[in-house]
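Open the model in your viewer and show it as a cartoon. The stops below say what to select and what is found there.

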Amino acid sequence: MIVAFSISPSAGDDTGGVSAAVAEAVRVVRASGLPNETNAMFTNIEGDWDEVMAVVKQAVDAVAAASPRVSLVLKADIRPGFSGQLTAKVERLERALEG
């Protein structure tokens, strides 16, 4: 499965920024060893249900350590029997754009 998620603390720093808290969540994801990528809006992670959800929970906990309230947005692509889709889906799209 691939999960795209975004975690944010309820309040930002003095400028309204949330990058320090979000960086803690991304550190958790990267340390997990699961395939992942981060863009301006979401972090994507790929693995089986239990391992992906465990990492999401750890990432939420990391942000919660800095904020009494946390927002989580999560979208999942559940496709049993498929792996390597984090990059394969994009590759198929790029080939379609070329054709």
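The tour goes from the whole chain to the sheet, and then to single residues.

**Before you start**

This is a predicted model, in which local features need pLDDT of at least 70, side-chain atom pairs count only at pLDDT 80 or more, and totals for chains, interfaces and linings use all residues. Residues are numbered from 1 along each chain as its sequence is written, and side-chain values use heavy atoms, with hydrogens and water left out.

**Stop 1: the whole chain**

Select the protein chain and colour by secondary structure. It has 3 helices and 4 strands, arranged from the N terminus as β-α-β-β-α-β-α. Helices (H or I, at least four residues) and strands (E, at least two) are DSSP runs, numbered from the N terminus. The C-alpha trace spans about 50 × 30 × 20 Å along its principal axes.

Now show the surface. The accessible area is about 6400 Å², and carbon and sulfur atoms contribute 56% of that area. Such areas come from the Shrake-Rupley method with a 1.4 Å probe; for residues, only the protein chains shown count as cover. Of the 99 residues, 27% are buried. Buried means under 20% relative accessible area, exposed over 50%, and partly exposed in between (1.4 Å probe, protein chains only).

Contact means heavy atoms within 4.5 Å. Among contacts with a separation of 6 or more, 67% are between residues 24 or more positions apart.

**Stop 2: the sheet**

Hide the surface and select the strands. They form an open sheet of 4 strands in the order β2-β3-β1-β4, with antiparallel pairing. β2 (36-38) and β4 are the edge strands, each pairing on one side only. On average, neighbouring strands of this sheet are turned by 15 degrees against each other, direction ignored. The angle is taken between axes, which are lines fitted to C-alpha atoms, for helices over the stretch in contact; angles run from 0 to 180 degrees between N-to-C directions. Two strands pair if DSSP finds at least two bridges between them.

**Stop 3: strand β1**

Select residues 2-9. Because 6 of the 8 residues of β1 are buried, this strand is largely enclosed by the rest of the structure. On one side, 4 bridges pair β1 with β3 (residues 43-46) in the antiparallel sense. Here Val3 faces Ile45 as its opposite residue, and Ala4 stands opposite Asn44. With β4 (residues 70-77), β1 also runs antiparallel, joined by 8 bridges.

Go to Pro9 in β1. Its bridge partner in β4 is Val70. Pro9 counts as buried because its relative accessibility is 9%. Beyond neighbours within four places in sequence, Pro9 contacts Val18, Ala21, Val63, Ser67 and Arg69. For a sense of scale, draw a distance from Pro9 to Glu91: these residues are 82 apart along the chain, and their C-alpha atoms are separated by 33 Å.

**Stop 4: Asn44 and Asn36**

Which residues does Asn44 touch, not counting residues up to four places away in sequence? Select Asn44 in β3 and show its surroundings: Val3, Ala4, Pro35, Asn36, Glu37, Asn39 and Leu86 are in contact with Asn44. Asn44 counts as buried, because its relative accessibility is 12%.

Move to Asn36, which lies in β2. At 25% relative accessibility, Asn36 counts as partly exposed. Its contacts, again without residues up to four places away in sequence, are Val29, Arg30, Asn44, Ile45 and Leu86. Asn36 and Ala88 are 52 residues apart in sequence, with 13 Å from C-alpha to C-alpha.

**Stop 5**

Select residues 85-98, which make up helix α3 and include Gln85. Is Gln85 buried or exposed? Its relative accessibility is 10%, so Gln85 counts as buried. Gln85 touches Ile2, Glu46, Arg79 and Arg92, residues up to four places away in sequence not being counted.

From Gln85, step to its contact Arg79. The charged end of Arg79 sits over the ring of Phe82, 3.8 Å from the ring centre. A charge sits over a ring if NZ of Lys or CZ of Arg is within 6 Å of the ring centre and within 35 degrees of the ring normal.
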